[in-house]
Amino acid sequence: MNSNWVKYAINEINADAQRSADTHLIRLALPGFPGIQLYLKDESTHPTGSLKHRLARSLFLYGLCNGWINEGTTIIESSSGSTAVSEAWFARLLGLPFIAVMPSCTARRKVEQITFYGGRCHFVDSACEIYAASETLARELNGHYMDQFTFAERATDWRGNNNIADSIFRQMKNEPHPEPDYIVMSAGTGGTSATIGRYIRCQGYDTQLMVVDPQNSVFLDYWQSRDAGLRSTVGSKIEGIGRPRVEPSFIPDVVDEMMRVPDAASVAMAHWLETQLGRKVGASTGTNMWGALQLAVRMREEGRSGSIVTLLCDSGERYLDTYYNPQWVSNNIGDIAPWTAQIQALVYPK
Ligand SMILES: Cc1ncc(COP(=O)(O)O)c(C=O)c1O
């Protein structure tokens, strides 16, 4: 073990964090909801374009401090794309080889970004195969399998330390309702929802954590049944979220409520958000915002005022071939027009 190199690598990552700025918290004006404020934590503005920048930094530090990553170690990751983009960026920062194992249907833009940062992509046919293929590669190359699905929840310090939850609560400080009634998040690894849920408890807030789950994901059923053996034969169509198996980083006991979101609602909401923000967002942001809007409706019906925070996970520019391609949407998601109409009716009630 080259401890000088490990020291150098940790310093490189910390110096990079020091040079970086925090992400914005955007307040969305919703005319039909007087007294209810809705906020989007915009994670698309990280250098690698998604919330996974935080996770990649944490996973590299975790691997370095555990003695798992050393000079020259090949880094391998199973990913639906976003994590791999961010890890490729950190691997390049440290001069380490990087291989991403991903389903062949992953958005082309993400594949291009991974290779742009010097990483290699290893494709498998379905989402279920990424774990075994990553383990095999790590064994063959004597590399380190990052395994975000296992380590996301423990690599991030949920107590404070400028994690995403800490940042949200600090940025809410001067708002009309600084303690959100709800934070809404979807789960890929489940790491972000675990961090937020634990932080809320640790700080003694009354904020409720709702996790939204797309079609073909087992997280919601697992949350209800606690059957860790649940499997789905079909992968999620909302890139980055929803899993065919129960991931170890998904911590059900910190989640107060869960909601299933139809894929067509997620895509319709992503498109609708473009009309509000003036830029495109990914489909998982649509899933999050759909859940947030349902909660805003609930609060309105109950005559409550307050605030709701959710995440803008990544930009829609990555998905021009898919969620922003009408033909792809029609073939893979179906007709989103009824969902768009429903959003309009909820936001602008008669
Ligand atoms: C675009 C996108 N949104 C949301 C998530 C979910 O985040 P987490 O893995 O922390 O549950 C991911 C994870 O890969 C993602 O790529």
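**Note on the predicted model**

1. Start with Thr-189. Leaving aside neighbours within four places in sequence, Thr-189 is in contact with Lys-52, Gln-148, Phe-149, Ala-152, Glu-247, Ser-249 and Phe-250. Bear in mind that this is a predicted model. Thr-189 sits in the loop between E7 and H8. Its relative accessible area is 3%. Buried means under 20%, so Thr-189 is buried.

2. Ser-249 lies 60 residues from Thr-189 along the chain.

3. Next, the open sheet. It has 6 strands in the order E1-E2-E10-E7-E8-E9. The pairing is mixed. Strands E1 (25-28) and E9 (257-261) stand at the edges. Each has a single partner strand, so one side of each is left without a neighbour in the sheet. On average, neighbouring strands are turned by 25 degrees against each other, direction ignored.

4. Strand E8 (residues 208-214) and E9 run parallel and are joined by 5 bridges. Asp-213 has Arg-260 in E9 as its bridge partner. Helix H8 (residues 191-203) packs on the sheet. H8 touches strand E7 (182-186), E8 and strand E10 (306-312). The direction of H8 makes about 165 degrees with that of E8. H11 also packs on this sheet, touching E1, strand E2 (36-42), E7, E8, E9 and E10. The direction of H11 makes about 170 degrees with that of E10.

5. H11 has a helix contact too. Helix H10 (residues 263-277) and helix H11 (residues 283-301) pack at about 95 degrees, with their axes 7 Å apart. The two helices are therefore roughly perpendicular to each other. H10 contributes Ala-265, Ser-266, Met-269, Ala-270, Trp-272 and Leu-273 to the contact. H11 contributes Ala-283, Thr-285, Gly-286, Thr-287, Met-289, Trp-290 and Leu-293. By class, the contact has 9 nonpolar, 4 polar and no charged residues.

6. Now strand E3 (residues 75-78). Which residues of E3 are buried on each side? Ile-75 and Glu-77 are buried on one side, and Ile-76 and Ser-78 on the other.

7. The partners of E3 follow. E3 and strand E4 (residues 98-103) pair in the parallel sense over 4 bridges. Ser-78 stands opposite Val-101 in E4. With helix H3 (residues 82-94), E3 and E4 make a right-handed β-α-β unit. E3 also pairs with strand E6 (residues 144-145), in the parallel sense over 2 bridges. There, Ile-75 has His-144 as its bridge partner.

8. Asn-142 lies in the loop between helix H5 (130-141) and E6. Its phi is near 55 degrees, a positive value in a residue other than glycine. Asp-147 lies in the loop between E6 and helix H6 (148-155). Asp-147 also has a positive phi, of about 55 degrees, although it is not a glycine.

9. Are Asn-142 and Asp-147 buried or exposed? Asn-142 has 70% relative accessibility and counts as exposed. Asp-147 has 12% and counts as buried.

Key. Residues are numbered from 1 along each chain as its sequence is written. This is a predicted model: local features need pLDDT of at least 70, side-chain atom pairs count only at pLDDT 80 or more; totals for chains, interfaces and linings use all residues. Side-chain values use heavy atoms; hydrogens and water are left out. Axes are lines fitted to C-alpha atoms, for helices over the stretch in contact, and angles run from 0 to 180 degrees between N-to-C directions. Angles under 35 degrees count as roughly parallel, over 145 as roughly antiparallel, 65 to 115 as roughly perpendicular and the rest as oblique. Contact means heavy atoms within 4.5 Å. Ala, Val, Leu, Ile, Met, Phe, Trp, Tyr, Cys and Pro count as nonpolar, Asp, Glu, Lys and Arg as charged, and the others, Gly among them, as polar. Buried means under 20% relative accessible area, exposed over 50%, partly exposed in between (1.4 Å probe, protein chains only). Two strands pair if DSSP finds at least two bridges between them. A crossover is right-handed if, with the strands pointing away from the viewer, the path from the first strand over the helix to the second runs clockwise.
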